[in-house]
Amino acid sequence: MGTERAFFGQPRGLVGLFFAEAWERFSYYGMRALLLYYMTDRLSDGGLGLRPESAKPMIAVYGSAIYLAAILGGWISDRLLGDRKTTLVGGVLIMCGHICLAVPAGAGALFASMVFIAAGTGLLKPSISSSVGDLYAADDPRRDSGFSIYYMGISVGAVAAPLVVGTVGQDYDYHAGFGIAAVGMAVGLLVYLRTQRRLSPASSRPKNPLRLAEIPRPRLVAAIAGIALLAVLGAAAASTGVLDADVAVNLISVLAIALPVGYFTVMLRSPRTTAAERARVRAYVPMFVAAVAFWCIQEQGATVIAQYAGESTDLDAFGFAIPASWFQSVGSLVLIVLTPLFAMLWLRLDRSPRSPSTAHKFAAGLAIAGLSYLLLVVPAAHPGQTNPLWLAGSLAVVTVGEMCLSPIGLSATTRLAPAAFATQTMGLWLSSNAAGQGIGAQLVKFYDARSAAGYFGALGAGAVVLALLLFALAPLIRRQATKRESTMDHEQAAAGR
């Protein structure tokens with residue numbers, strides 16, 4: 001694979017993965033841009049007539065469930081199906097979810113689509129990213145630039161989707177907009193099917209196949225019985241009304257927080273974690289908390305910010321009616337423009353003698369996210385419709401914070417992870433987004449258009465305070481993160497294994 005070049009000097013297999021991911025993101029962000037408006041619009045106008053106070057938490061835990069599902073999806077790919085089959089199955093499930101939304105079948109179709117899309121995205125996201133990595137040898141210098149090109153595919157799909165799907169959905173018919181999202185996913189699947197022969201052979205089989213013969217029979221029986229019991233209990237609770245939408249939101253929020261707590265507990269207590277690795281995990285904890293707080297703000301773009309765009313923004317300010325869904329494109333557009341500049345900035349700063357630490361970068365990203373909400377306090381404090389430039393500016397600012405935190409978080413996760421938990425720690429990083437959206441599902445219940453300034457001010461100020469605390473802890477975090485292994489550490493880890 002290393003000598004085959006075709007796509008900006010990259011392996012030919014990257015072409016298919018780039019376009020498949022671009023179309024998948026087109027379908028997802030198109031659906032996401034419309035979802036709140038569809039759920040809350042009047043029945044007579046084609047919506048579901050739900051109250052925003054009910055719709056926003058559901059959308060937030062929906063995003064949380066997708067990131068939780070990605071952890072399971074990575075396990076299924078690694079142990080059962082391999083990346084190619086997992087990506088294909090995930091894409092088909094996503095398309096089925098969009099088809100459910102394209103059919104005017106009410107709330108039942110909405111809930112079915114959420115299950116399909118959450119499960120499908122959870123399968124597709126980790127497996128297609130893993131396929132990108134398989135295109136390169138471990139020492140291939142093109143790897144980082146290849147991932148950058150792939151990430152650009154994500155951004156292109158995310159920019160185009162609200163402009164196309166959002167316009168059709170809001171100006172003509174919601175189900176027609178969702179239908180376009182379904183077509184986008186179908187195109188992505190066709191591209192993937194036509195180009196998957198160019199992928200690495202490593203993507204066609206599980207990397208760590210599960211062998212049932214190696215699992216003790218009592219444990220296997222207990223696992224199957226437990227899954228069956230949960231399914232029966234869930235079905236019974238739903239049919240009797242015990243498991244309603246509010247209970248489901250609260251359960252997913254609790255799970256999203258409990259999962260990373262469990263991850264950290266296992267890693268810190270495991271005998272396979274050396275003393276130096278344990279110190280690095282402890283250094284990772286405050287940065288993980290900062291990431292949770294960041295995603296809690298950033299991911300409200302599809303809930304609180306979408307509601308603010310639709311209810312409190314002057315959409316006719318420029319002489320034509322701006323679809324409120326268009327604001328969902330701002331962050332991705334800023335990401336495309338500024339990513340190369342930030343790549344050069346970090347390279348220059350990291351070469352300087354006084355280079356900022358990872359904790360400093362996290363603190364900067366969280367503080368900038370807080371400032372994006374504090375910026376909205378100014379227009380929200382005055383009655384009347386907000387000029388759309390305020391909202392676009394806030395979305396641009398939080399995206400700058402994302403560039404300070406998200407790619408740095410991926411790098412820090414790979415660097416600070418214990419050797420015995422390297423892959424699982426990447427799952428832990430994904431769970432920071434799940435936890436942020438799980439907390440956000442509870443916070444968005446407090447948003448009210450009449451007191452928007454107080455909401456934005458409280459969350460923005462809270463984020464800045466956390467950022468300042470992390471900045472103060474940065475020297476201690478750096479010392480913990482740079483602890484070296486001792487001979488005794490290696491001996492203890494070997495004994496634990």
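Let me start with a term: a patch is made of residues with over 30% relative accessible area and no salt bridge, where like charges are joined within 9 Å and nonpolar side chains (Val, Leu, Ile, Met, Phe, Trp, Tyr) within 5 Å. Accessible areas here come from the Shrake-Rupley method with a 1.4 Å probe, and for residues, only the protein chains shown count as cover. A salt bridge is a side-chain nitrogen of Lys or Arg within 4 Å of a carboxyl oxygen of Asp or Glu.

Hello, everyone. What you see above is a predicted model, in which local features need pLDDT of at least 70 and side-chain atom pairs count only at pLDDT 80 or more, while totals for chains, interfaces and linings use all residues. Residues are numbered from 1 along each chain as its sequence is written, and side-chain values use heavy atoms, with hydrogens and water left out.

With that said, let's look at the patch. Leu72, Trp75, Leu80, Leu81 and Val89 make a nonpolar surface patch of about 430 Å². Which helix gives the largest share of the nonpolar patch? That is helix 2, residues 52-81, with four residues. Helices (H or I, at least four residues) and strands (E, at least two) are DSSP runs, numbered from the N terminus. Trp75 is found in helix 2, and it counts as partly exposed because its relative accessibility is 40%. For these words, buried means under 20% relative accessible area, exposed means over 50%, and partly exposed is in between (1.4 Å probe, protein chains only).

Now for the chain as a whole. How many helices and strands does the chain have? The secondary structure comes to 16 helices and zero strands. Of the 497 residues, 48% count as buried. The accessible surface comes to about 22600 Å², and 68% of that belongs to carbon and sulfur atoms. A contact means heavy atoms within 4.5 Å. Among contacts between residues at least 6 apart in sequence, 82% join residues at least 24 apart.

Please find helix 9, residues 275-298. This helix has 24 residues and reaches 35 Å from its first C-alpha to its last, close to the 34 Å expected at 1.5 Å a residue. The expected span is 1.5 Å times one less than the number of residues in the helix. Where does helix 9 have a kink? Look at Val285, shortly before the proline Pro286, where the kink is about 25 degrees. That bend is the angle between axes fitted to the seven residues ending at a residue and the seven starting there. Helix 9 is largely enclosed by the rest of the structure, because 18 of its 24 residues are buried.

Is Gln300 buried or exposed? Gln300 is buried, with a relative accessible area of 2%. Leaving out residues up to four places away in sequence, Gln300 touches Ile305, Ala306, Tyr373, Val444, Tyr455 and Leu459.

Next, salt bridges. Side chains of opposite charge can pair when their charged atoms come close. The structure holds seven salt bridges. One of them joins the side chains of Arg25 and Glu21 (4.0 Å, N to O). Both residues lie in helix 1, four residues apart, about one turn of the helix, and both are buried. In another, the side chains of Arg32 and Glu299 meet at 2.8 Å, N to O. This pair links distant parts of the chain, with Arg32 in helix 1 and Glu299 in the loop between helix 9 and helix 10, 267 residues apart. Arg32 and Glu299 are both buried. Asp448 and Arg450 also meet in a salt bridge (2.9 Å, N to O). Here Asp448 counts as partly exposed at 22% relative accessibility, and Arg450 counts as exposed at 78%. Salt bridges that share partners also join Glu21, Glu24, Arg25 and Lys125 into one network.

Arg12 lies in the segment before helix 1 (13-40) and is partly exposed, with a relative accessible area of 33%. The C-alpha atoms of Arg12 and Arg198 are separated by 6.5 Å, although the two residues are 186 residues apart along the chain. Gly16 is found in helix 1 and counts as buried at 2% relative accessibility. Gly16 and Gln196 are 7.1 Å apart in space, C-alpha to C-alpha, and 180 residues apart in sequence. Not counting residues up to four places away in sequence, Gly16 touches Val191 and Thr195.
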